[in-house]
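Here are my notes on this model, as numbered points. Please read them with the coordinates open.

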Amino acid sequence: MTTLKVVRGTRDLLPPETALWNRIEATARRVFARYNFGEIRTPIFEDTSLFARSVGEETDIVSKEMYTWEDRARAQSEKSQSLTLRPENTAGVVRAYIEHKLGESGQLQKLYYIGPQFRRERPQKGRYRQFWQIGAEVIGPPSAGSESPVRDTEILEMLATLLDELGVSGWTLELNSVGSSADRERYNQALREALVPVAPRMCADCQRRAATNPLRVLDCKVPEDQPIIATLPRIADFLGEDSKLHFAAVIAALDAAGVPYHLNPRLVRGLDYYTRTTFEFTHGGLGAQNALLGGGRYDGLSEAIGGPKAPGIGFAMGLDRLVLTLQAQEAERKTTPRADAYIAPLGENLNAAALALARELRRAGLTIELGDGSFRLKKSFEAAGKIARRIVILGEDELQSGILTVKDFASGVQLKVPRGELFAILAK
Ligand code: AMP
C-alpha cells in the first residue's frame with residue numbers, strides 16, 4: 001500500500017515549534033486586549049459568492065486560488081450551494097457584522113481573529129496552501145468615527161507595538177493611499193489607457209491584467225517589466241481632496257507617535273476592497289515572500305456585500321511567516337559572537353597586562369574573552385572571530401604607547417584606539 005502523506009502545501013506543526021506558535025498567539029491576544037479588541041471566530045467555509053463580491057472576481061485569489069465545491073442538497077427542502085474554504089477572513093468578519101447587525105449598537109466594532117486560511121498557490125518558502133492569519137478589523141457606522149484617520153494610525157501603531165513585543169527586529173512599514181473608489185476608478189481608467197501601447201512588451205500576466213485589473217500590473221515582480229511600470233501614472237496624482245487630507249492626517253499622526261514608515265506609491269495590494277490607506281509590513285529576512293502582514297481601509301466593503309454603510313480598516317498577519325522570521329532571528333543570535341571583544345596578547349610576557357585590561361573592561365560591564373600569549377596572531381584572529389565581535393591586539397608597542405589596535409569583524413574596519421577610549425568603542 002502506498003503511504004499517505006500530508007497534502008502538498010499543507011504542514012503538520014509539531015512540538016517544540018508549536019510552543020513558538022502559542023507564544024505568538026498569546027502575545028497578539030494580550031496586545032489586542034490592550035487596544036480593546038475582542039475575538040471573533042467565523043466558519044472556515046462560506047458561500048462562494050461572499051468572496052467573489054468582496055475580494056473581487058478578477059483577483060488571483062478568486063479567479064484561480066480558491067478551494068470551491070458544490071455542496072449537494074441532502075433533502076428536498078435544501079438547495080445545493082457553492083461553498084469555498086475561506087481564502088482570507090475580512091469578508092467573513094464583515095458578513096458577520098452585517099448578519100448580527102453589529103452596527104446598530106452605534107459603536108465601533110473592534111474584532112480580531114486567529115485561524116487557518118486556504119489558497120491554492122504554488123507552495124514555496126513562506127507560502128502554503130493552508131496558512132494561518134492573525135488579523136483584526138475596526139468597523140462601524142460613520143457616526144462612530146469609523147472613517148477617522150485616528151483608526152488607521154491606531155492600527156498601525158498597534159502593529160508596530162505587537163512586532164516589537166514579539167521581538168521581530170528589522171521590519172519596514174510600507175504605506176500608500178489608493179484613494180476612494182471614485183479616485184481608483186479614474187486612476188484605473190488612466191492606467192488602462194497608459195497600458196495599451198506598452199502592455200504587449202510586458203509579461204503574459206501583465207498583458208492579461210492590463211485588460212482585466214490594471215492595478216495589479218503594479219504588483220508585477222518580473223524584472224524586465226519594472227522600467228515600464230516606473231513610467232505608468234501614479235495613484236498619488238489621482239487622489240481627491242478628501243483622500244489627500246485623510247492620508248496627510250495618518251502620516252502626521254504616525255510622525256507624532258514615532259512610528260517609522262516608508263511611502264510606497266506602488267503598493268496597491270491584491271484585494272479589490274481596499275480604499276484609501278493601504279499598508280504592508282515587510283521583513284528582509286523572508287526572501288521573495290517578504291510581506292509579514294498586509295492591510296488597509298475598506299470603506300465600501302459592507303455595502304458591496306449588501307450591508308449598511310460601515311467603513312472599516314484591518315490587517316492580516318501571516319503567522320507562518322512570523323514563525324519563520326523569529327526562528328531565523330533566533331538561529332542568527334545563536335551563531336553571532338556574543339563577546340564584545342577578544343583581547344589578544346602578542347606574547348606570553350603580555351598575559352598579565354592582557355588580564356589587567358580584561359579586568360578593567362569587564363568591571364565596566366563588557367563581555368570580554370581573554371586570549372593566550374602563546375597563540376600566533378593568525379590563531380588569535382581565528383579564535384576571536386568565533387566568539388567575539390572584535391579583537392583587541394596587545395603587543396609590546398601597544399603596551400608602551402597606550403594605543404591599541406582594534407578590529408571589528410562585521411565591518412572589517414581596523415582602528416588605533418587610545419586606551420582611555422577603548423571602553424567607549426567596545427561598548428557601541
Ligand atoms: P493577504 O490576505 O494576501 O493580504 O495576506 C496577508 C498576509 O497573510 C501576508 O502578508 C502573508 O503574511 C500571509 N499570507 C498570505 N498568503 C499566504 C500563503 N499562501 N502562505 C503563507 N502566508 C500567507
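Are H5 and H9 roughly parallel or oblique to each other? Point 2 takes this up.

1. Basis. This is a predicted model; local features need pLDDT of at least 70, side-chain atom pairs count only at pLDDT 80 or more, and totals for chains, interfaces and linings use all residues. Residues are numbered from 1 along each chain as its sequence is written, and side-chain values use heavy atoms, with hydrogens and water left out.

2. H5 and H9. Helix H5 (residues 149-166) packs against helix H9 (residues 241-257) at about 40 degrees, with the axes 9 Å apart. H5 and H9 are therefore oblique to each other. Angles under 35 degrees would count as roughly parallel, over 145 as roughly antiparallel, and 65 to 115 as roughly perpendicular; the rest are oblique. Axes are lines fitted to C-alpha atoms, over the stretch in contact for helices, and angles run from 0 to 180 degrees between N-to-C directions. The H5/H9 crossing is right-handed (the near helix is turned clockwise from the far one by less than a right angle). Helices (H or I, at least four residues) and strands (E, at least two) are DSSP runs, numbered from the N terminus.

3. H1 and H11. Helix H1 (residues 17-34) and helix H11 (residues 319-335) pack at about 115 degrees, their axes 10 Å apart. That makes H1 roughly perpendicular to H11. The crossing of H1 and H11 is right-handed.

4. Check two spots. Pro15 and Pro16 are joined by a cis peptide bond, with omega about 5 degrees; Pro16 sits in the segment before H1. Asn36, not a glycine, has a positive phi of about 70 degrees. Asn36 lies in the loop between H1 and strand S1 (38-39). Most residues other than glycine have a negative phi, and most peptide bonds are trans.

5. Ligand shell. The ligand is surrounded by 15 residues, the closest being Arg119, Glu121, Tyr128, Arg269 and Ala291 (a heavy atom within 4 Å). Strands S6 (130-139), S10 (291-297) and S11 (312-318) each supply at least two shell residues. S10 gives the largest share, four residues. The shell divides into six nonpolar, four polar and five charged residues.

6. Polar contacts are pairs of N or O atoms within 3.5 Å. A polar side-chain atom of Glu121 lies 2.6 Å from a ligand nitrogen. A side-chain N or O atom of Gln133 is 3.0 Å from a ligand oxygen. A polar backbone atom of Ala291 is 3.0 Å from an oxygen atom of the ligand. The protein covers 92% of the 490 Å² of accessible area that the ligand has on its own (Shrake-Rupley method, 1.4 Å probe).

Conventions. Polar contact = N/O pair within 3.5 Å; in protein donor to acceptor, adjacent residues only side chain to side chain. Nonpolar A, V, L, I, M, F, W, Y, C, P; charged D, E, K, R; others polar.
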